[in-house]
Amino acid sequence: MASLPNSYAALRSIGAYVPEKILSNSDLEKMVDTTDEWIYKRTGIKERRIADKNESTSDMGAKAAAIAIERSGIKKEEIDLVICATVTPDYFNMPSTACIISKKLDIINVQAFDISAACSGFVYLLSIAKAFIESGMKKNILLIGAEKFSSIVDYTDRSTCILFGDGAGAAVVSATNDKSEAIIDVHASADGTYADFLVTPAPGSVNPANQKMLDKKLNFVQMKGNETFKLAVKTLTKDVIDILKRNNIKSEDIKHFVPHQANYRIIKAVGDALGMSKEQIVLTVQKYGNTSAASIPMAINDIYESGRLKSGDVMLLDTFGGGLTWASALVPFSPKKG
Ligand code: UT7
């Protein structure tokens with residue numbers, strides 16, 4: 001028999017940072033051979049945000065994190081773990097972006113590290129936070145999903161440059177004794193068989209930085225879009241059906257379905273398979289594009305700031321990305337009472 005957790009993990013707050021500069025579909029029409037109509041029809045994207053050239057992933061992550069901490073009602077001195085999900089870290093590969101964010105927020109002498117799970121990063125972080133808290137090792141964890149995806153996009157490649165944007169989202173997850181506040185379940189998985197579906201081939205130990213690698217543009221993201229699309233629909237549909245079944249929760253019990261914002265057609269296919277109504281499905285893809293690890297917390301922040309996310313609302317999160325990785329979670333929004 002599984003032993004009882006020391007305490008439960010509650011999602012206390014959410015925050016996000018969105019860069020000012022907008023890159024619209026009509027801007028992209030002037031850069032590559034594409035049209036607003038093609039992009040909107042195939043992806044649902046109208047525009048995306050692009051960070052300033054002096055703005056790093058940690059700058060955006062720190063801004064989102066400061067908001068999440070402020071909204072959590074927890075003092076930054078009480079945070080005992082800082083974890084960041086990103087595939088566009090400030091540096092390849094040290095120091096970690098989590099360390100830099102911690103320094104920027106003056107949260108020092110606290111464990112901090114990055115994870116690499118591409119677009120699934122934030123839900124992977126939730127699984128880590130849940131495990132650390134249930135084991136009794138940590139009490140207040142700062143989670144950040146931040147990406148300056150524009151730093152690895154080739155703006156001459158129409159198959160990828162139309163998809164991605166920059167931004168950051170953050171959350172505080174804390175220990176609670178109240179089971180009704182707890183993250184219900186997180187399922188995260190991966191299959192490296194499809195590692196070449198989404199890849200930045202360099203720099204890394206396979207292709208160390210050199211002129212040849214730059215000439216071949218190996219530092220930019222490469223994607224087998226159509227293959228990724230098909231696998232995403234199949235895998236996500238199965239994953240969300242499984243997590244609902246395992247927890248004896250029906251689609252209609254979900255207040256907000258918060259899918260990874262990669263492509264409206266993927267979101268619609270999975271939403272339809274679950275029988276989700278339009279009101280349940282959270283959509284930001286039209287204005288932010290795909291912001292990878294920042295996508296889910298930015299979407300949660302969107303419903304929070306528009307007043308739609310209320311205490312006790314149960315969210316179903318689902319995501320899919322490079323690795324390949326995928327993850328889903330059942331998460332009530334549990335701001336601190338009193
Ligand atoms: O976040 C991580 C997970 N990522 C994803 O889930 C992304 C999944 N993939 C997708 O969202 C879609 O596959 C894309 C939006 C990337 C592409 O849509 P698609 O319907 O799969 O198109 P396709 O790649 O099969 O290409 C269809 C046609 C091709 O032309 P031909 O060969 O039929 O003549 C492409 O060259 O569309 C062409 N094309 C474009 N045309 C205008 C590709 N990109 C563009 C473009 N503008 N930007």
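Helix α11, which spans residues 295–305, is mostly covered, with 8 of its 11 residues buried; here buried means under 20% relative accessible area, exposed means over 50%, and partly exposed lies in between, using a 1.4 Å probe and protein chains only. The buried positions of α11 are Ser-295, Ile-296, Pro-297, Met-298, Ala-299, Ile-300, Asn-301 and Ile-303, and the helix is followed by Gly-307, whose phi is positive, near 85°.

The model is predicted, so that local features need pLDDT of at least 70 and side-chain atom pairs count only at pLDDT 80 or more, whereas totals for chains, interfaces and linings use all residues. Residues are numbered from 1 along each chain as its sequence is written, and side-chain values use heavy atoms, with hydrogens and water left out.

For the chain as a whole, there are 11 helices and 13 strands, where helices (H or I, at least four residues) and strands (E, at least two) are DSSP runs numbered from the N terminus. The radius of gyration is 19 Å, close to the 20 Å that the globule rule gives for 338 residues, so the protein chain is as compact as a globular protein of that length; the radius is taken over C-alpha atoms, and the rule is 2.2 Å times the number of residues to the power 0.38. Taken along the principal axes, the C-alpha atoms fill a box of roughly 55 × 45 × 40 Å. Buried residues make up 56% of the 338 residues. With contact meaning heavy atoms within 4.5 Å, residues 24 or more positions apart account for 77% of the contacts with a separation of 6 or more.

| Residue | Location | Relative accessible area |
|---|---|---|
| Gln-280 | loop between α9 (264–274) and α10 (285–288) | 10% |
| Thr-235 | helix α8 (residues 225–246) | 17% |

The side chain of Gln-280 reaches the backbone oxygen of Ile-254 at 2.8 Å.

Under the same exclusion of residues up to four places away in sequence, Thr-235 touches Phe-320 and Trp-326. The C-alpha atoms of Thr-235 and Met-223, which are 12 residues apart along the chain, are separated by 18 Å.

Key
Polar contact = N/O pair within 3.5 Å; in protein donor to acceptor, adjacent residues only side chain to side chain.
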